[in-house]
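Hi,

Here is the structure I promised to pass on.

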Amino acid sequence: MRTNCLIMLALLLHACADTNKTVPVGRYESSPWGFSTNTWWVEGPTGVVLMDTQFLPSAIEEAIAIAENYTGKKVVLAFVLHANPDKFNGVAALNKRGIRVVTSQQVIDAIPDVDALRRAWFYQRYQPDYPEKLVLPESLNNTTLISAAGLTFKVHTLGASVSKAHIAVQLDNHIFVGDMLANKQHAWLELGLVNEWIASLELIKNLKPQYLYPGRGYAASPQLINEQIRYLHFVRDTVMNVSKCTPLDTGLKEGIIKTIEDKYPKYGNAFFLQLGVAPVWESACNKTY
């Protein structure tokens, strides 16, 4: 069994305009065995709130330990930002501790099909560090404001992008977006929904955030949105320049991947492209673009 990697950055102390107080935000990143997944935590006056619940139960346990040991406060709430297992696999571990885990009903509806597919891929490979069964988060029931730990978060319900359904969580000018943004990391393009993804990013941009917290990589300024949009445009255009709606053979696929990697040589998780090129190709051929 591979161990997880704990990465504890210096706290990001950002001023909240509405309270004139700082918002302590910490980051836990899993090992590559857990797909280098971020769980951000926010310290409030009376507790801690987590953003996403990790791929491996052992990883969310470590994230909780870091947050609680550093702050001296208990985790009281967690959000699932979208329907991928690195976001929802830790729900059961959190519930066992009495911690609420919430998301939109749209994300909940999308989770079972995703879980069934990923369970076929990963359950045996990751034993004994994989959830025995799916446990769903609690529905927000279209609530846009939720208070916990002495803080009030605003939830934005978004459509398809990296997943079929997505939320972004806002605390003043801080926005947590999950894998909709990846800082110096390749995108998870399993659904091939590049146009929808770009549209969702434009909605986030309209919220005028000052601080953004991606699903992978470091926190960043709003410029990260533009970088992600440029990346998605490049991937889409690279595929469209090659695709004549002929079968995507190995040679064509590897050529596309090489072009993307040559453009972004320092980006992590390049293996994501192995799964992402074909759906983008299919979307191009179906004239989705």
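Let's begin with the largest nonpolar core: of its 90 residues, Leu 50, Met 51, Phe 79, Phe 153 and Tyr 231 touch the most other members. Such a core is a set of buried Ala, Val, Leu, Ile, Met, Phe, Trp, Tyr and Cys residues joined through side-chain atoms within 4.5 Å, and buried means under 20% relative accessible area (1.4 Å probe, protein chains only). H6 gives the most to this core, seven residues.

Before going on, bear in mind that this is a predicted model: local features need pLDDT of at least 70, side-chain atom pairs count only at pLDDT 80 or more, and totals for chains, interfaces and linings use all residues. Residues are numbered from 1 along each chain as its sequence is written, and side-chain values use heavy atoms, with hydrogens and water left out.

Phe 153 has contacts (heavy atoms within 4.5 Å) that include Val 49, Met 51, Phe 79 and Leu 171, not counting residues up to four places away in sequence.

Now for Trp 188. You'll find Trp 188 in the loop between strand S11 (174–182) and helix H5 (194–206); helices (H or I, at least four residues) and strands (E, at least two) are DSSP runs, numbered from the N terminus. Trp 188 is buried, at a relative accessible area of 14%. Leaving out residues up to four places away in sequence, Trp 188 touches Asn 84, Arg 118, Trp 121, Val 162, Trp 197, Phe 272 and Leu 275. From Thr 103, Trp 188 is 85 residues away in sequence and 20 Å away in space, C-alpha to C-alpha.

Cheers

Technical notes:
Buried < 20%, exposed > 50% of the residue type's maximum accessible area, 1.4 Å probe, protein only.
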